[in-house]
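Here are my notes for a first look at this model. Have it open beside you and take the points in order.

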Amino acid sequence: MPKQILDEIAMKRALTRITYEIIENNKGIDNLVLVGIKTRGVFLAQRIAERLKELEGAQVGVNELDISHYRDDVSDHGLRAAKQVAEFKTDVTDKNVILIDDVLFTGRTIRAALDGIMDQGRPRKVRLAVLVDRGHRQLPVRADFVGKNIPTSWDEKVAVYMSEVDGKDGIELI
């Protein structure tokens with residue numbers, strides 16, 4: 001039976017806290033670009049960008065990143081060589097990039113995302129923001145901004161629901 005970890009209000013608070021931490025850590029929003037990992041990371045990035053605009057009065061660029069061709073568990077390595085990478089709307093070269101995803105688990109998605117970002121340019125700095133950190137790393141990856149740490153067993157699943165995709169906001173442990 002699913003156990004609710006965060007409801008809509010708590011999720012909004014976590015995103016607001018992450019937004020304030022990004023502003024403080026970056027000393028404003030100058031030279032800042034957000035990169036959301038498809039699918040839910042993109043919606044989180046858009047929400048953070050909206051909140052940044054409310055707080056700082058300026059728009060921050062948001063890029064979408066599909067990491068499917070960068071995954072290390074793709075069996076067809078020929079697929080990697082033939083991949084067509086979509087151009088980012090906002091250049092990341094010499095920018096402070098915040099990479100955004102919904103759940104940090106083994107770290108493999110983040111490794112793939114870093115490869116995707118580097119194919120687009122050479123950022124000054126890349127930091128990681130996640131809504132949920134559930135542990136169980138297989139790679140040396142740590143989030144700089146975390147909405148909620150949720151200790152889990154390997155067999156449990158963290159389900160993030162977002163109104164843009166799922167019709168509701170919330171996080172459950174399954």
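1. Let's begin at Asp94, which sits in the loop between helix 3 (77-81) and strand 4; helices (H or I, at least four residues) and strands (E, at least two) are DSSP runs, numbered from the N terminus. Its phi is near 65°, a positive value in a residue other than glycine. Most residues other than glycine have a negative phi, and most peptide bonds are trans. Asp94 counts as partly exposed because its relative accessibility is 41%; buried means under 20% relative accessible area, exposed over 50%, and partly exposed in between (1.4 Å probe, protein chains only).

2. A word on the source: this is a predicted model, where local features need pLDDT of at least 70 and side-chain atom pairs count only at pLDDT 80 or more, while totals for chains, interfaces and linings use all residues. Residues are numbered from 1 along each chain as its sequence is written, and side-chain values use heavy atoms, with hydrogens and water left out.

3. Two other backbone spots deserve a look. His136, in the loop between strand 5 and strand 6 (145-149), also has a positive phi, near 70°, and at 28% relative accessibility it counts as partly exposed. The peptide bond from Lys38 to Thr39 is cis, with omega near 10°; Thr39 belongs to the loop between strand 2 and helix 2.

4. Now for helix 2. Just after the helix, Gly57 takes a positive phi of about 75°. Gly57 counts as exposed because its relative accessibility is 64%. In sequence Gly57 and Ile29 are 28 residues apart, and in space 9.7 Å, C-alpha to C-alpha.

5. What does helix 2 pack against? Its buried residues include Val42, Phe43, Leu44, Ile48 and Leu52. The buried residues of the helix pack against helix 1 (8-26), strand 2 (32-37), strand 3 (61-65), strand 4, strand 5 (125-133) and helix 5 (163-166), where contact means heavy atoms within 4.5 Å.

6. Buried or exposed: which are Asp169 and Arg47? Both are buried, and their side chains meet in a salt bridge (2.9 Å, N to O). That pair also joins distant parts of the chain: Asp169 is in the loop between helix 5 and strand 8 (170-173), Arg47 is in helix 2, and they are 122 residues apart. Arg47, Glu164 and Asp169 are linked in a network of salt bridges.

7. The loop between strand 4 and helix 4 holds Thr106, which counts as buried because its relative accessibility is 13%. Leaving out residues up to four places away in sequence, Thr106 touches Gly135, His136, Arg137, Gln138, Leu139 and Trp154. One of these, Arg137, has a salt bridge with Asp133 (2.8 Å, N to O).

8. Last, the largest pocket, with a volume of about 360 Å³. On a 1 Å grid over the protein atoms alone, a pocket is an open set of points where a 1.4 Å probe fits, with protein on both sides within 12 Å along at least five of seven lines; lining residues have an atom within 4 Å of a point. The volume is the space filled by probe spheres set on the points, which are joined across faces, edges and corners. The pocket is lined by 18 residues, and Arg71, Asp101, Asp102, Val103 and Thr109 lie nearest its centre. Strand 4 gives the most to the lining, with four residues.

Conventions: A salt bridge is a side-chain nitrogen of Lys or Arg within 4 Å of a carboxyl oxygen of Asp or Glu.
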